[in-house]
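Hi,

Here is the model I said I would pass on.

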Amino acid sequence: MTSELNAPSAAPSQPQIGPFAQLIFGSRWLQLPLYVGLIIAQGVYVLLFLKELWHLVVHSFDASEQQIMLVVLGLIDVVMISNLLVMVIVGGYETFVSRLNLSGHPDEPEWLSHVNASVLKIKLAMAIIGISSISLLRTFIEAGNLGTTRSNFTESGVMWQVLIHLTFIISAIGIAWVDRLSENGHRKEARHG
């Protein structure tokens, strides 16, 4: 009886897959250098943030309130892009390459437990809208200088930024709507099947 208790339990056998299927499934690891590249890009954004923060501190007594606001909006923009990079790196790796096995880790992101390709698309769309909003806000703040030599924008440039921003919003609504339709279709299949 004790030998039965000490005997190792049979591990569940994994299904055998052919070499071609292994090659196709293993090809997901080709994305690893892409995620490493995004980590390096995030490091570049950290350096950009520190450089802009340094300029803000050094020139804070010489700059106008509007100039300080524009630099702060630029810093927020960098942070939002960095957040987008984290979502793509962590969520994309977890979804398309391999599990990170962070369950129970105190720093596990809340959204990671229910991430899939649909959730990731919606989160990315919302992050892009946020980044676009900050950029558009910076443009609106500088719009007071339109028609002068101090302006970095033209009226048509501002119009195009607004149209592009609206396109992002409409695209995000479309993605969320298609995702909801797909989710409702899966629920109906589950009830009938």
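A term to start with: a nonpolar core here is a set of buried Ala, Val, Leu, Ile, Met, Phe, Trp, Tyr and Cys residues joined through side-chain atoms within 4.5 Å. Buried means under 20% relative accessible area, exposed means over 50%, and partly exposed is in between (1.4 Å probe, protein chains only). With that in hand, the largest nonpolar core has 9 residues in all: Ile-81, Leu-84, Met-87, Trp-111, Leu-112, Val-115, Leu-120, Ala-127 and Ile-131. Helices α4 and α5 are the elements that give two or more residues to this core.

Some housekeeping before the rest. This is a predicted model, so local features need pLDDT of at least 70 and side-chain atom pairs count only at pLDDT 80 or more, while totals for chains, interfaces and linings use all residues. Residues are numbered from 1 along each chain as its sequence is written, and side-chain values use heavy atoms, with hydrogens and water left out.

Now the overall picture. The protein has 6 helices and 0 strands, where helices (H or I, at least four residues) and strands (E, at least two) are DSSP runs numbered from the N terminus. Of the 193 residues, 22% are buried. Taking contact as heavy atoms within 4.5 Å, 69% of the contacts between residues at least 6 apart in sequence join residues at least 24 apart.

The axes of α4 (residues 65-97) and α5 (residues 117-142) come within 10 Å and cross at roughly 170 degrees. The axes are lines fitted to C-alpha atoms, for helices over the stretch in contact, with angles running from 0 to 180 degrees between N-to-C directions.

What does Asp-77 touch, leaving aside its neighbours within four places in sequence? Asp-77 sits in helix α4 and is buried at 11% relative accessible area. Its contacts beyond those neighbours are Ile-131, Ile-134 and Arg-138. Over in helix α5 there is Thr-139, buried at 1% relative accessibility.

Finally, the aromatics. There are 2 aromatic pairs. Rings of Phe, Tyr and Trp (its six-membered ring) pair if their centres lie within 6.5 Å; planes under 30 degrees apart count as stacked, over 60 as edge-to-face and the rest as tilted. Trp-29 and Tyr-93 are edge-to-face, at 6.3 Å centre to centre with 75 degrees between the planes. Trp-29 is in the loop between α2 (19-26) and α3 (32-58) and Tyr-93 is in helix α4, so this pair ties together parts 64 residues apart in sequence. Trp-29 is partly exposed at 36%, whereas Tyr-93 is buried at 16%. Tyr-35 and Tyr-93 are also edge-to-face, at 6.2 Å and 80 degrees. Tyr-35 is buried at 9%, and Trp-29, Tyr-35 and Tyr-93 form one aromatic cluster.

Cheers
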